[in-house]
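Hi,

Here's the structure I promised to pass on.

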Amino acid sequence: MAIEDKLIELIGHASDMGWHRDEILSAIIAIADNLSLARRDDIALAIETQLSKLMKKKDV
């Protein structure tokens with residue numbers, strides 16, 4: 001899997017730079033969580049926008 005290869009490469013580079021395995025995995029998890037939360041905010045905003053549009057149509 002391409003993403004797995006890149007992740008393994010990233011882990012190798014971080015390890016070469018002196019990061020410990022637990023630090024690397026914690027950083028990867030933190031990044032994934034942040035991206036997931038950002039994605040949810042985008043989705044929530046899109047839903048809010050659509051609901052707002054629907055409510056305006058209902059008022060007309």
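Arg-21 sits in helix H2, which covers residues 21-59; helices here are DSSP runs of H or I with at least four residues, strands are E runs of at least two, and both are numbered from the N terminus. With a relative accessibility of 63%, Arg-21 counts as exposed (over 50%; buried is under 20%, partly exposed in between, using a 1.4 Å probe and protein chains only). Its C-alpha atom lies 7.9 Å from that of Ile-11, ten residues away along the chain.

Bear in mind that this is a predicted model, with local features needing pLDDT of at least 70 and side-chain atom pairs pLDDT 80 or more, while totals for chains, interfaces and linings use all residues. Numbering runs from 1 along each chain as its sequence is written, and side-chain values use heavy atoms, without hydrogens and water.

Overall, the protein chain has two helices and zero strands. Of its 60 residues, 3% are buried.

Just after H1, Gly-18 has a positive phi of about 105°.

Cheers
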